[in-house]
Amino acid sequence: MDVINESKHFSFDQKKTLASTTVGFALENMDSMFLSFALSSMILSLHISPAAAGLTSTITNLGKLFGGLLFGILADRFGRVKIFSHTIFLFALATGLLFFAHNIYEIYLLRFLAGVGSGGEFGAGVSLISEHFQGFKVGKIISFSAAGGQMGGIMAAIIASIVLPMFGWNTLFLFGLIPVALAYFIRRHLKESPVYEAEVQKNHKLPHVSFSELFKTPQLAWQTIVITIMVIVENAGYYGLMIWLPTIMQKQLHVSISKSSLWMIATIVGISLGMISFGYIMDKIGPRVAFAFFMLSAAVAIYGIAISHSAMTLLVFSALAGFFAAGFYGGFGAIISRLYPTNIRTTANNMIMAIGKSVGGFSPVLMGLLMAKFSLIEIMVFMSLMYLIAVVSMLTLKKLRNFNHGYM
């Protein structure tokens, strides 16, 4: 892989930054996935309804929205390294404390706090990468780091398969404290980016940060809105597929969920390969063409799922949908970090991603409502149209035309 091969040209600080952010994204995803694996056990032991258990996901997303908005401003004002380590410590501690939770309300509180930490991590992490790799084509570097999150899901699955049967769900969350060691390492060994330090020295004080900076001019406001739309569409496609694809398989192929787990493996493999591939493609041909290609391909792949009537065709389109529908996720950090100035870079990353994830995260609910009234093909046509709207909107961003060499 080029990122690994090129690492011999990276400085020691660059290697530490890339390794720390990649591991941070993986551990954050591991902590988040623990809840998915523990949910059924929590329902049985706490005697709660599936709806009450499902609310934990909604509350976590609300925490991510709040954390994204809060920590974005703090990271731009007080530094990326300090805030990055704080966000890791917060979601790790909140997850570990679930070991002591004995009712659903304590779980809600701790999941909200974990979401706050998780929501603040992305912007600080990608800003660190972008600023430490000035002069590099950052698409593949950030995409490589984002793909590390998928490894966190695998780690969670392995740990859960061993811990849950032997010790129960409470003990599983104790492993959520693992990232605390990473937070300690980051605070001791990771340096603030030279770009951020220069910004502070230039102004002789900590920068003033406000959300209004993202809408300061009509052009900047439109840019913020369009990228947010793109994030909403990416998350809507991802969550819609991951939640409803097993049901689609049951409906079209009349097989049980236990016999159709292969779709999940194919989709996750497709997502991982898509994330890594997108960064390379973006650096080669520029973000406008890369985003347009991936989003238009996602629209076709999603429609292909609706017309599939054999296990093989559904498997192929599931993998393609995962590759294209979620593959361009890592590209957001690259373009946001280049399109916005240093003093609002993390604020832009966190606000856009937090709003996009929160709104896009409602897609499974919307799809559930639509499935009661419309055919599967009609629903997939609707989802395909979302990608077309995102492509048309993206093509109006003039600054992306000058982005073709990976840095501005």
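**A walk from a cavity to a buried phenylalanine**

Let's start inside: the largest cavity has a volume of about 50 Å³. Here a cavity is a set of points on a 1 Å grid over the protein atoms alone where a 1.4 Å probe fits but cannot get out, and its volume is the space filled by probe spheres set on the points, which are joined across faces, edges and corners. This is a predicted model, where local features need pLDDT of at least 70, side-chain atom pairs count only at pLDDT 80 or more, and totals for chains, interfaces and linings use all residues. Residues are numbered from 1 along each chain as its sequence is written, and side-chain values use heavy atoms, leaving out hydrogens and water.

Who lines that cavity? Two or more residues each come from α2 (12-46), α3 (50-78), α4 (80-96) and α5 (104-132), with α5 giving the most, four residues. Such helices are DSSP runs (H or I, at least four residues), numbered from the N terminus.

Now follow α2. There's a kink of about 50° centred on Ala38, taken as the angle between axes fitted to the seven residues ending there and the seven starting there. Just after α2, His47 takes a positive phi of about 55°.

Finally, hop over to Phe332, in helix α14 (residues 329-339). Phe332 is buried, at 0% relative accessible area; buried means under 20%, with a 1.4 Å probe and protein chains only. Its contacts (heavy atoms within 4.5 Å) include Ile227, Phe291 and Met353, not counting residues up to four places away in sequence.

Conventions
On a 1 Å grid over the protein atoms alone, a cavity is a set of points where a 1.4 Å probe fits but cannot get out, and a pocket is an open set with protein on both sides within 12 Å along at least five of seven lines; lining residues have an atom within 4 Å of a point. Buried means under 20% relative accessible area, exposed over 50%, partly exposed in between (1.4 Å probe, protein chains only).
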